[in-house]
Amino acid sequence: MNPLRPLAYHQFNPFEPHPELDGVEMPDPGDLDWVSNSDPFGIFTSRGIAAPKILPPSEVRREAKDRTTNIFAYHEKLQRILERHEATIRKRWEKKTRTQRLGVLLQAWPGMPLTHRPDFAAFRKHSRNLNSVAIQHRSSFIWPIINQEDLGDPKTLTLLLNSRGRNPPHLFAASDGEGMHLGQVTMAIVPIFLNEYVMTLNGMARQEDYGRLLAWDEHEDAFSWMNDHKQFLPGEGLLVLEFQERLLEFLVDCCKTILHEIPLDRMTSDEFAIQPEPPLKESLDATGFSTLSIMAKEAPYRPPAKLDLQKIESLLSARTVRAEDHIWSLREDPSYFAETMLDMKEHLPDIHSTTKSHRDDLAWARVISSVLAESFFQLEGFAELRNQATHLRELSGKYGPELSPEKDLPEEYLAALLRFQHYLNQMTKGVLSQLNLSVAASPPLRAFFVQNVTRSTKSSKIKVIPNNAMKRDKVATQLIWLLQTLWEDDHNLFLCRMTTVIDELDRLLKAEPKALELVSPYIAMLIGELSITGECLRQLEIFQPWANGFEGALVDREEGIKKEFAEHTRAWAQVHDAFKEQNIVAVRHLGDPSGGKFQYPVGKRQNKANVETLRRSEANLDAFWNAVDDMLYRKAGSLNGTAYKQVLSQPRYLQRTPEWVEPAAKKEEKSNQTHQQNNGSYEYVSPSSRLFQGTETTSSARAEVLASGAGKTKVKRRGMLGPESTSENDIALPPAGSVADSQPTFKVDARALKVFRTVFFDPAANTSVGEVAWRDFLHAMDSTGFTAQKLYGSVWHFQPTRLDVERSIQFHEPHPRGKIPFLVARRHGRRLSQAYGWYGTMFVLKDNN
């Protein structure tokens, strides 16, 4: 994962050299007819498309006036119907079968497309010859929200009726135009051409102003409205009016059919009293929780959302915390470290070398390098995005009250938004690059690809190509096309936008169990990463009408933003270089998990042999991180100003296994261990890195003895963990705030209590060992005051709502099984303990009486 690579830009930049145009005679712009020639550079002609139709201003004004008159007439009818009958319409619609609902829809819109996002489906099917079938699919590209799959649901049509009937047309102008993005960038729909004019829609509440055509010289702001995309080009404005006219007519017709026994003139008359607006129910999935995919699916049918910087900040803050926890878990938990390394090995291309030993050395060096770099960039990237989101929220509070669609954004606010967008795009690029490496190597998809190897002893770069001998069914073909569109980051992704591709990918994974089987947990995690950056990008896209002007605003600012990014990430680049494979070879033998070096039987009954295995694995892990930190310091320096150093400089303590004490000795010490009721049978030691803590490393003698394997004699006597070590570096009790703070007692039901007894496993207290059903975990978190929302991939976002805390937290849903393994559940408990100070005895069974 490397977010430092430059982004791929697919837009034409006239200020850069274009070798492909060498020898092509280009007309002098001063000699061109910009008024009566709609294709001066032959762009449409070269693609076999007719040039945009030219309409005179009088014809545009006439069409705009006719459509605007109909729009306001239909809107008034729909508003009056809903004011009197919305509750009845909603009740009747929900009672109908899907077949009955489709009958109503097709009566009002004959030939309605079958599938969700019919524009995207047409693009996928005809991407090589889209222009030849554009007329056939014109309706799909103008009205992608009109389809049987979505509107046939019990709720979608009622959402659309409510949003369009209860809000004025101008509120939707920008989002309706944005909804045709795919059609316009692919030239599947081509607006008419009229130069030197602008059409006003945004913010125009009066009918006489809505769809008004203005020449540039008729209003002092007309040109800037057009240039900054605050208002519309005439052709684009006519498309929005066409969209709204047909949509509102369709909604009125649906109401007439649903209320078939009432004539239209009576339906809107005072014969029926105006009723209070019925509340809309929150949409939940089968688990009873909200999901990002449901929100994305419903968004086009609701009123345009506002830029939610608080949501962005919450998502990025929780993801940053997860990155911090990941780094600490790699240093603290030998089993987590080993699983992470082995999982990464399964998702990297094979190494080809002349000897097996050299191949193994390179393979594990690459694995360790990838894990270290990924963990570093995840933390740095999301921490920086979180800080910028916090700053944006503060600027929104400062400038929000004075924002107006007719005015430019304040320069400070605009600059911060553009900088945030650039960093988001770079972080997304890093995840896409990791997806590029990992998809073809992942076990479920490996058979669909082959490696094209260039024999070289100096390079381990490998080109992956499709395996033509392996047949793909329809589901596999669609899944790989979507993933490939993401990882290639080429023209297709530019046209479709990443948020659309992620939506389609999530929809496929939900609809097709076979597709879900082809996605490994690691690939699901990467999709989840894209869902977070994608949701942030989506939030910027809905910041209309200003978002339409971001591209133009970048012209004079882009180079400055790139220069600032390079300067700000200078330390990131140093760490990236330090973690390269050639440097990791020196510590590979310490981090290679082969041979049971990090075996960690924490779930087994405690005895002397198991305790010694636990302590030896912990010592091996400490030795690896001591070597990595020393190497990092030599190669990259002190890393001042990085989130990585800030996190590892925290006064945090590693959970370690104390020495074994035989049962007889245990009884004598029992009175000294009452604190273990809360903190478990562990000791807590300072992290051993001198680089970040500024202290001496953990006793080297202890590490050497444990790592040497001394004391492996098996015993059959049962015993308990002994008292904590009292060496100068070990601490009997963790300091306040590092584990359990003073906390209330949670009274929960038996189902939730079983979950918490597992995640806060304490071998001394004989708590439960076993898997945890994911739905039980959701229930347990809900019972303590969290609301859960599923993002894409496997990520769930937990937001506290009834707790005296503000910090959110994220967990991965187990994939493909719906059970959390015991070791993973135990790690969840550690994260909850670090985040909120929770421990096992806080949770008690509530009295139902």
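In the predicted model, R570 is partly exposed, with a relative accessible area of 47%. The side chain of R570 meets that of E567 in a salt bridge, with an N to O distance of 2.3 Å, and E567, at 48% relative accessibility, likewise falls in the partly exposed class. Elsewhere, salt bridges that share partners join K311, D503, E535 and R538 into one network.

By the rule applied here, the count of salt bridges comes to 53. One of these pairs R393 with E313 at 2.4 Å, N to O; because R393 belongs to helix α16 (residues 356–399) and E313 to helix α14 (residues 309–332), the contact ties together parts that are 80 residues apart in sequence. R393 is partly exposed at 35% relative accessibility, whereas E313, at 14%, counts as buried. A further salt bridge links D629 and R331, whose closest N and O atoms are 2.8 Å apart, and since D629 lies in helix α28 and R331 in helix α14, this pair connects parts separated by 298 residues in sequence. Both partners are buried, D629 with a relative accessible area of 1% and R331 with one of 7%.

The N-terminal end of α28 is capped by N607, a side-chain oxygen of which lies 3.1 Å from the backbone nitrogen of A609, while just after the helix G637 adopts a positive phi of about 85°.

Conventions. Residues numbered from 1 in each chain as written. Predicted model: local features only at pLDDT ≥ 70, side-chain atom pairs only at ≥ 80, totals over all residues. Heavy atoms only, no water. Polar contact = N/O pair within 3.5 Å; in protein donor to acceptor, adjacent residues only side chain to side chain. Helix = DSSP H or I, 4+ residues; strand = E, 2+ residues; numbered from the N terminus. Salt bridge = Lys/Arg side-chain N within 4 Å of Asp/Glu carboxyl O. Buried < 20%, exposed > 50% of the residue type's maximum accessible area, 1.4 Å probe, protein only.
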